[in-house]
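Reader: I would like to learn how to read a model like this one. Please take me through it feature by feature.

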Amino acid sequence: MAIAAQGRHEEGIAQMQESLAAVRATGTEIGRPLSLSMLAERCMETGRLDNGLDALTEALAAADEHEDRHYEAETHRLKGELLLKQNGSNVEEAEICFRRAIEIARRQSAKSLELRATMSLARLLRDTGRRDEARVLLPEIYNWFTEGFDTADLKDAKALLDELAG
């Protein structure tokens with residue numbers, strides 16, 4: 001992952017895939033959904049959208065099989081983002097993914113993941129002519145936070161809120 005973060009995406013993706021295969025060969029499944037979601041994110045950054053969706057499909061199956069639901073909300077959010085990048089006509093399916101991610105994050109009281117999923121949904125709503133819905137949706141989760149406003153996600157949320165208000 002560090003290699004991919006340095007801009008050497010293809011090399012990083014290859015190492016992540018090798019690592020996933022090596023860990024799986026040991027019979028260990030703990031953390032697999034998170035690792036696969038991180039792989040999907042790297043694939044999205046490099047335009048390997050089908051590979052990213054395959055990784056997320058595997059991540060969701062592993063989460064179901066092993067009851068490893070810690071990163072499930074983010075996995076659904078990433079799936080929605082990949083679907084939108086893959087084909088602009090995937091709006092309905094992406095919206096379902098974002099709403100599912102929000103629902104899961106709320107159930108788990110995972111406020112940061114809820115914020116990220118809500119921002120993804122708000123952007124989709126904005127881009128599909130439903131700004132009013134987006135304008136109502138985002139403040140609810142943003143206003144829950146009382147600190148951490150210097151973090152990337154909260155800065156992004158504030159910028160999106162300002163854009164929606166303008």
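Reader: In which hand of crossing does helix 8 pass helix 9?

Author: This is a predicted model, and everything below should be read with that in mind. For a pair of helices, look at the hand of the crossing, then at the axes, then at the residues in contact. Here helix 8 passes helix 9 in a left-handed crossing. The axes of helix 8 (residues 131-142) and helix 9 (residues 152-165) cross at roughly 145° and come within 10 Å. From helix 8, the residues R131, A134, R135, L138, P139 and Y142 take part, and they meet L154, A157, K158, L160, L161, E163, L164 and A165 of helix 9. Sorted by class, this contact of helix 8 with helix 9 holds ten nonpolar residues, no polar ones and four charged ones.

Reader: How many helices and strands does the protein have?

Author: A count of elements is a plain way to begin on the whole chain. The protein has nine helices and zero strands. Read from the N terminus on, the order of elements is α-α-α-α-α-α-α-α-α.

Reader: What share of the residues is buried?

Author: A residue counts as buried when its relative accessible area is under 20%. Of the 166 residues in the protein, 44% are buried. Among contacts between residues at least 6 apart in sequence, 53% join residues at least 24 apart.

Reader: Are helix 3 and helix 4 roughly parallel or roughly antiparallel to each other?

Author: The angle between the axes decides this, and angles over 145 degrees count as roughly antiparallel. The axes of helix 3 (residues 32-45) and helix 4 (residues 49-66) cross at roughly 165° and come within 8 Å. Helix 3 and helix 4 are therefore roughly antiparallel. The crossing of helix 3 past helix 4 is left-handed.

Reader: Which residues in helix 3 and helix 4 meet?

Author: On the side of helix 3 they are R32, P33, L36, S37, L39, A40, C43 and M44, and on the side of helix 4 they are L49, N51, G52, A55, L56, E58, A59, A62 and A63. By class, the contact of helix 3 with helix 4 has twelve nonpolar, three polar and two charged residues.

Reader: At what angle do helix 5 and helix 7 pack?

Author: The angle is about 20°, and the axes of helix 5 and helix 7 are 9 Å apart. Angles under 35 degrees count as roughly parallel. Helix 5 and helix 7 are therefore roughly parallel to each other. Helix 5 passes helix 7 in a left-handed crossing. A73, E74, R77, E81 and L84 of helix 5 make the contact with L113, R116, A117, S120 and L124 of helix 7. The contact of helix 5 with helix 7 divides into five nonpolar residues, one polar and four charged.

Reader: Now single residues. Why does K111 count as partly exposed?

Author: K111 counts as partly exposed because its relative accessibility is 23%. K111 belongs to helix 7 (residues 111-127). Apart from neighbours within four places in sequence, K111 is in contact with I141, W144 and F145. From C-alpha to C-alpha, K111 and Y142 are 9.3 Å apart in space, while in sequence they are 31 residues apart.

Reader: Where is R106 found?

Author: R106 is in helix 6, and with a relative accessible area of 41% R106 is partly exposed. Not counting residues up to four places away in sequence, R106 touches E114 and E140. R106 and A73 are 33 residues apart in sequence, with 9.2 Å between their C-alpha atoms.

Reader: Is N90 buried or exposed?

Author: N90 has 15% relative accessibility and therefore counts as buried. N90 lies in the loop between helix 5 (72-86) and helix 6 (91-107). Leaving out residues up to four places away in sequence, N90 touches L83 and L84.

Reader: What is the phi of S109?

Author: Most residues other than glycine have a negative phi. S109 is not a glycine, yet its phi is positive, at about 55°. S109 sits in the loop between helix 6 and helix 7, and at 56% relative accessibility S109 counts as exposed.

Notes
Residues numbered from 1 in each chain as written. Predicted model: local features only at pLDDT ≥ 70, side-chain atom pairs only at ≥ 80, totals over all residues. Heavy atoms only, no water. Axes fitted to C-alpha atoms, helices over the stretch in contact; angles between N-to-C directions. Helix = DSSP H or I, 4+ residues; strand = E, 2+ residues; numbered from the N terminus. Parallel < 35°, antiparallel > 145°, perpendicular 65-115°, else oblique. Left-handed = near helix turned anticlockwise from the far one by under 90°. Contact = heavy atoms within 4.5 Å. Nonpolar A, V, L, I, M, F, W, Y, C, P; charged D, E, K, R; others polar. Buried < 20%, exposed > 50% of the residue type's maximum accessible area, 1.4 Å probe, protein only.
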